[in-house]
Amino acid sequence: MPNDQWNLKELLKDSNCRLTGQRQEILRILAENRNRHFSAKEIYDLLKERDAGIGLSTVYRTLPLLEELKLAYRIHLNDGHMRYQYSTPEERYGHHHLICKNCGAILDMIEIDTRMKLI
């Protein structure tokens, strides 16, 4: 888990929640893929590959909690799915996305802005 997770136990405790292995694994998936935009099903599929033993309903219940703790950012892309992206309480920001109509790739506007500044 990335170093910025050191306070996860405290954040959960302050919200009257326990730090469970399932919550850690879900957050680990988001943190290891910071620039991806996952649906709950996609997170579940990655957890199955890791043989984490976490049910889809647990993923659905955990994501709103992580959003409330500002550890995940919910994204509406008008594709019929709620998507989530990793965040931290310190880095919390809203941003726009570009979606390729041909392949469905999703790019953060922040990434594009950074690339433009580097060119």
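1. The model is predicted: local features need pLDDT of at least 70, side-chain atom pairs count only at pLDDT 80 or more, and totals for chains, interfaces and linings use all residues. Residues are numbered from 1 along each chain as its sequence is written, and side-chain values use heavy atoms, with hydrogens and water left out.

2. **Overall layout.** The protein has 5 helices and 4 strands. Helices (H or I, at least four residues) and strands (E, at least two) are DSSP runs, numbered from the N terminus. Their order from the N terminus is α-α-α-α-β-β-β-β-α.

3. **Burial and surface.** Of the 119 residues, 36% count as buried. Buried means under 20% relative accessible area, exposed means over 50%, and partly exposed lies in between (1.4 Å probe, protein chains only). The protein exposes about 7,700 Å². Carbon and sulfur atoms supply 49% of that area. Accessible areas come from the Shrake-Rupley method with a 1.4 Å probe; for residues, only the protein chains shown count as cover.

4. **Contacts along the chain.** Contact means heavy atoms within 4.5 Å. Take the contacts with a separation of 6 or more: residues 24 or more positions apart account for 40% of them.

5. **The core.** In soluble globular proteins, nonpolar side chains tend to be buried together. Here the largest nonpolar core has 23 residues. Such a core is a set of buried Ala, Val, Leu, Ile, Met, Phe, Trp, Tyr and Cys residues joined through side-chain atoms within 4.5 Å. I26, L30, I43, V59 and L63 have the most contacts inside the core. At least two core residues come from each of α1 (8-14), α2 (21-32), α3 (40-49), α4 (56-68) and β2 (82-86). The largest share, 5 residues, is from α2. L63 touches I26, L30, A40, I43 and Y84, leaving aside its neighbours within four places in sequence.

6. **Helix α2.** This helix has 12 residues. From first C-alpha to last, α2 reaches 16 Å, close to the 16 Å expected at 1.5 Å a residue. The expected span is 1.5 Å times one less than the number of residues. Its buried residues are I26, L27, I29, L30 and A31. Their cover includes α1, α3, α4, β1 and β2.

7. **Helix α4.** This helix has 13 residues and reaches 19 Å, close to the 18 Å expected. T58, V59, T62, L63, L65, L66 and E67 are buried in α4. An α-helix has 3.6 residues a turn, so residues three or four places apart point the same way. The cover over the buried residues of α4 includes α1, α2, α3, β1 (72-76) and β2.

8. Most residues other than glycine have a negative phi, and most peptide bonds are trans. K70 sits in the loop between α4 and β1. At 41% relative accessibility, K70 is partly exposed.

9. **The β1 and β2 pair.** These strands pair in the antiparallel sense over 5 bridges. Two strands pair if DSSP finds at least two bridges between them. Y73 stands opposite Q85, and H76 has M82 as its bridge partner. The hairpin has 5 residues between the strands. Among them, N78 takes a positive phi near 55°. Why is β2 described as largely enclosed by the rest of the structure? Because 4 of its 5 residues are buried.

10. R83 lies in strand β2. Is R83 buried or exposed? R83 counts as buried, at 11% relative accessibility. Its side chain makes a polar contact of 3.0 Å with the side chain of E42. A polar contact is a pair of N or O atoms within 3.5 Å; within protein, one must be able to donate a hydrogen and the other to accept it, and residues adjacent in sequence count only if both atoms are side-chain atoms. Leaving aside neighbours within four places in sequence, the contacts of R83 include H37, F38, S39, Y73 and I106. S39 is in the loop between α2 and α3. S39 is buried too, with a relative accessible area of 7%.
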